[in-house]
Amino acid sequence: MKKIEAIIKPFKMDDVREALGEIGITGMTVSEVKGFGRQKGHTELYRGAEYMVDFLPKVKLEIVIAKEDVDRCVSAILETAQTGKIGDGKIFITDVERVIRIRTAEENQEAL
């Protein structure tokens, strides 16, 4: 099993969720997060005063899937979240040793 964590722009969330649903990925955890990479924030004007916005709003998706579904999942995220501009985000893929569904105590593939 693999865990995919994708950090994307908030306005792309609905498109990504729809694309993942089309390939059969239905379970995911979504969090509103803040951060920056190469964007390094930006300045904004508020009531005549300029101030620095260091952390930009992002959305973090966490999906645990079977190993054989990783490439399709990553492709769906890339195709829908990519704008071609700085700050599009990142995708992290890690191994998952064990998954347990709390309600039924099912483990691993059955728990997904």
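Helices (H or I, at least four residues) and strands (E, at least two) are DSSP runs, numbered from the N terminus. Residues are numbered from 1 along each chain as its sequence is written. The model is predicted, so local features need pLDDT of at least 70 and side-chain atom pairs count only at pLDDT 80 or more, while totals for chains, interfaces and linings use all residues; side-chain values use heavy atoms, without hydrogens and water.

The pLDDT is the predictor's confidence in each residue, from 0 to 100. The protein averages 88, and 88% of the residues score at least 70. Confidence is highest in strand β1 (residues 2–8), at a mean of 97, and lowest in strand β3 (residues 42–46), at 62. Where pLDDT is low, the predicted coordinates should not be read in detail.

Strand β1 is mostly covered, with five of its seven residues buried (under 20% relative accessible area, 1.4 Å probe, protein chains only). Two strands pair if DSSP finds at least two bridges between them. β1 pairs antiparallel with strand β5 (residues 56–65) over seven bridges. Here Ile8 is bridged to Val59. Seven bridges also join β1 to strand β6 (residues 89–95), again antiparallel. Lys3 stands opposite Thr94 of β6.

Lys9 lies in the loop between β1 and α1. Lys9 counts as buried because its relative accessibility is 13%. Leaving aside residues up to four places away in sequence, Lys9 touches Lys58, Thr83, Lys85, Ile86, Gly87 and Asp88 (contact means heavy atoms within 4.5 Å).

Methods
Buried means under 20% relative accessible area, exposed over 50%, partly exposed in between (1.4 Å probe, protein chains only).
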